[in-house]
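Good morning, colleagues. Please look at the sequence and the structure on the screen, and I shall then take you through several of its contacts.

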Amino acid sequence: MATDIDLHLGRRLRRRRRLLGLTQQQLAVQVGIRFQQIQKYECGANRISAARLWQLAEALETPISYFYDGLSEALEKKDSPGPQGGEMFSRKETLDLIQAYYQLGERPRRRLLDLAKSLHTDGEQAA
């Protein structure tokens with residue numbers, strides 16, 4: 001059974017892998033394991049050993065501390081109702097949107113951001 005820490009590490013692993021645009025297979029090849037093991041790590045079914053976490057951090061070009069960022073807050077908020085901020089950033093659609101946003105030039109990015117803000121403001125006024 002997965003612990004809250006295993007789940008957190010798995011979410012952080014998935015988030016970083018997706019931000020870099022890597023598939024589970026590509027990451028698995030880099031650290032010398034099968035992609036099914038990456039799946040198990042990401043869903044918290046298997047614990048990540050210290051040695052494996054080191055290899056994953058190297059492959060994902062991030063410090064080991066990245067995997068633990070926000071852990072204290074996540075453990076404190078685990079029983080609170082509503083969506084957690086970290087969950088929002090682990091969704092594929094959010095990562096796709098972020099990647100598409102940064103592929104735009106500076107001016108279209110500003111226009112898109114202004115549009116998003118105006119839609120949020122319009123939604124609040126309608127409610």
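Arg 47 lies in the loop that connects helix 3 and helix 4; helices here are DSSP runs of H or I with at least four residues, strands are runs of E with at least two, and both are numbered from the N terminus. The model is a predicted one, in which local features need pLDDT of at least 70, side-chain atom pairs count only at pLDDT 80 or more, and totals for chains, interfaces and linings use all residues. Residues are numbered from 1 along each chain as its sequence is written, and side-chain values use heavy atoms, with hydrogens and water left out.

Is Arg 47 buried or exposed? Arg 47 counts as exposed because its relative accessibility is 59%. The cut-offs are under 20% relative accessible area for buried, over 50% for exposed, and partly exposed in between, with a 1.4 Å probe and protein chains only.

Which residues does Arg 47 touch, if those up to four places away in sequence are not counted? They are Thr 3, Asp 6 and Tyr 41, where contact means heavy atoms within 4.5 Å. Arg 47 and Asp 6 are separated by 41 residues in sequence, yet their C-alpha atoms are 5.9 Å apart in space. Their side chains make a polar contact of 3.0 Å. By polar contact I mean a pair of N or O atoms within 3.5 Å; within protein, one must be able to donate a hydrogen and the other to accept it, and residues adjacent in sequence count only if both atoms are side-chain atoms.

Let us turn to the partner. Asp 6 belongs to helix 1, residues 4-19. With a relative accessibility of 9%, Asp 6 counts as buried. A polar contact, also of 3.0 Å, joins the side chain of Asp 6 to that of Thr 3.

Next comes Glu 42, which is placed in helix 3. Glu 42 counts as buried because its relative accessibility is 2%. What does the side chain of Glu 42 make a polar contact with? The partner is the side chain of Arg 17, at 2.6 Å. If neighbours within four places in sequence are left aside, Glu 42 is in contact with Gly 10, Arg 11, Leu 13, Arg 14, Arg 17 and Gln 24.

I come now to helix packing. Two packed helices are described by the angle between their axes and the distance between those axes. Axes are lines fitted to C-alpha atoms, for helices over the stretch in contact, and angles run from 0 to 180 degrees between N-to-C directions.

The axes of helix 2 (residues 24-31) and helix 3 (residues 35-43) come within 8 Å and cross at roughly 105°. Helix 2 is therefore roughly perpendicular to helix 3, a label given to angles of 65 to 115 degrees; under 35 counts as roughly parallel, over 145 as roughly antiparallel, and the rest as oblique. Helix 2 contributes Gln 24, Gln 25, Leu 27 and Ala 28 to this contact, and helix 3 contributes Phe 35, Ile 38, Gln 39 and Glu 42. By class, the contact holds four nonpolar, three polar and one charged residue. In this scheme Ala, Val, Leu, Ile, Met, Phe, Trp, Tyr, Cys and Pro count as nonpolar, Asp, Glu, Lys and Arg as charged, and the others, Gly among them, as polar.

Helix 2 also packs against helix 4 (residues 50-59), at an angle of about 115° and with the axes 9 Å apart. Here Leu 27, Gln 30 and Val 31 of helix 2 meet Arg 52, Gln 55, Leu 56 and Ala 59 of helix 4. That contact has four nonpolar, two polar and one charged residues. Within helix 4, Ala 59 is buried, with a relative accessible area of 16%. Ala 59 touches Leu 27, Gln 30 and Val 31, residues up to four places away in sequence not being counted.

Finally, the whole protein. How many helices and strands does the protein have? Its secondary structure comes to nine helices and zero strands. Of the 127 residues, 27% are buried. Among contacts with a separation of 6 or more, 58% are between residues 24 or more positions apart.
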